[in-house]
Amino acid sequence: ASGQATAFVELDEDGVDRAFRADVLEGLRQHQKAIPARWLYDDAGSELFEDITRVPEYYPTRAETEILTDRSAEFAEAIGPGRAVVEFGSGSSVKTPLLLRAIDPAAYVPLDIAGDFLRQAADALSKKFPGLPVHPVEADFMRAVDLPDAVASMPKLGFFPGSTIGNMVPRTAVDLLRSMRSTLGTNHAAPSMLLIGMDLVKDREVLKAAYDDAAGVTAEFNRNLARRINRELVGTIPVEELRHEARWNDKYARIEMHLEAQSDIRFDVSGQPFSMRRGETIHTENSHKFTRRSSYLLLSASGWSPVKRWLDSEKRFSLILAEA
Ligand code: AVJ
């Protein structure tokens with residue numbers, strides 16, 4: 001389902017996002033229905049994801065924040081001062097300041113496709129770090145990006161927290177990691193570095209609970225995709241007939257989110273008819289989990305040499321520093 005690049009929003013005559021419609025119609029025609037995970041994150045979906053980070057079962061955000069807080073001296077030592085920090089995705093409110101405080105960077109370059117989020121994040125960051133040059137870049141970071149001239153001569157540190165890489169299938173993840181390497185540069189005199197969050201393989205009940213919390217926030221996050229389709233693509237999906245499922249796929253070491261039909265259903269999307277049998281699902285997200293070896297293999301297959309690896313106190317989540 002997931003692993004696609006974020007596309008620029010293109011509206012047609014009806015004001016409908018054409019890429020959204022194309023992905024949904026194509027995805028619903030497949031034998032295993034599947035919709036790219038990026039469509040989960042409209043305004044409502046982004047807010048629901050923020051809520052997910054606060055449910056007790058969803059540990060990744062807390063675990064990664066713990067590492068960034070407790071190991072700041074080791075980050076300073078391993079990364080050193082004076083780098084331009086290039087964040088792939090506009091800064092998370094909590095994690096980015098923790099990193100910037102730890103390492104004393106020369107500049108901060110948030111990179112995001114969503115201009116509004118980007119400028120908001122850049123403004124908030126500038127207020128917190130008055131002396132730090134901030135250069136937001138509006139771009140699709142799935143491709144190599146030209147960085148601003150102001151940071152051209154600085155050594156770079158890429159920052160990609162949250163285990164967002166886990167939402168991509170390996171070949172898309174490799175494409176992205178290689179693009180990041182091109183974006184940051186491969187100057188042998190001053191090698192670029194990458195600090196990347198990767199969630200770890202663990203007990204499958206712990207994993208399933210993290211993606212199927214008792215309060216039902218993740219279920220709402222998943223069902224919001226069906227609501228969004230109904231809202232934006234003139235859909236008639238009976239959302240209450242779709243049950244949220246978090247499934248462990250052992251072959252690919254990933255949690256999958258699905259929406260499962262509770263009865264035989266028929267519905268329209270943008271004037272096209274679809275049906276689902278009871279038990280049939282729409283696959284809506286992958287969240288790959290890594291071991292030390294699988295994370296190092298993914299990085300090295302993409303041209304990145306692992307340098308150092310940190311875990312939280314409960315060994316649930318990893319932050320890996322790699323060098324180009
Ligand atoms: C922020 C995309 C990494 O996969 O853990 C959380 C998204 N989906 N609960 C993840 C998510 C369901 C999250 N990422």
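Strand β2 (residues 84–88) and β3 run parallel, joined by five bridges. This is a predicted model. Between the two strands, the chain passes through helix α5 (residues 95–103). This β-α-β crossover is right-handed.

Next comes the link to strand β4 (residues 137–138). Two bridges join β4 to β3, and these strands run parallel. Here Leu-111 has Val-137 in β4 as its bridge partner. The chain gets from β3 to β4 through helix α6 (residues 115–128), again in a right-handed β-α-β crossover. How enclosed is strand β3 (residues 107–112)? Five of its six residues are buried, so the rest of the structure largely encloses β3.

## A four-stranded open sheet

Now look at the open sheet with the order β1-β11-β8-β7. Its pairing is mixed. The edges are β1 (33–34) and β7 (242–249). Each has a single partner strand, so one side of each lacks a neighbour in the sheet.

Strand β1 is joined by two bridges to β11 (residues 281–288), and the two run parallel. Ala-34 has His-283 as its bridge partner in β11. Helix α9 (residues 217–232) lies across β7, β8 (254–261) and β11. The helix runs at about 115° to β7.

## Around the ligand

Which residues are around the ligand? They are Ile-52, Pro-60, Gly-162, Ser-163, Thr-164, Gly-166, Asn-167, Tyr-211, Thr-218, Glu-285 and Ser-287. By class, this shell has three nonpolar, seven polar and one charged residues.

Definitions and conventions:
Residues are numbered from 1 along each chain as its sequence is written. This is a predicted model: local features need pLDDT of at least 70, side-chain atom pairs count only at pLDDT 80 or more; totals for chains, interfaces and linings use all residues. A residue is near a molecule or strand if its C-beta atom, placed from the backbone, lies within 6 Å of it. Ala, Val, Leu, Ile, Met, Phe, Trp, Tyr, Cys and Pro count as nonpolar, Asp, Glu, Lys and Arg as charged, and the others, Gly among them, as polar. Two strands pair if DSSP finds at least two bridges between them. Two residues are in contact if their C-beta atoms, placed from the backbone, lie within 7 Å. Axes are lines fitted to C-alpha atoms, for helices over the stretch in contact, and angles run from 0 to 180 degrees between N-to-C directions. A residue is buried if 20 or more other C-beta atoms lie within 10 Å of its own, exposed if 12 or fewer, and partly exposed in between; C-beta atoms are placed from the backbone. A crossover is right-handed if, with the strands pointing away from the viewer, the path from the first strand over the helix to the second runs clockwise.
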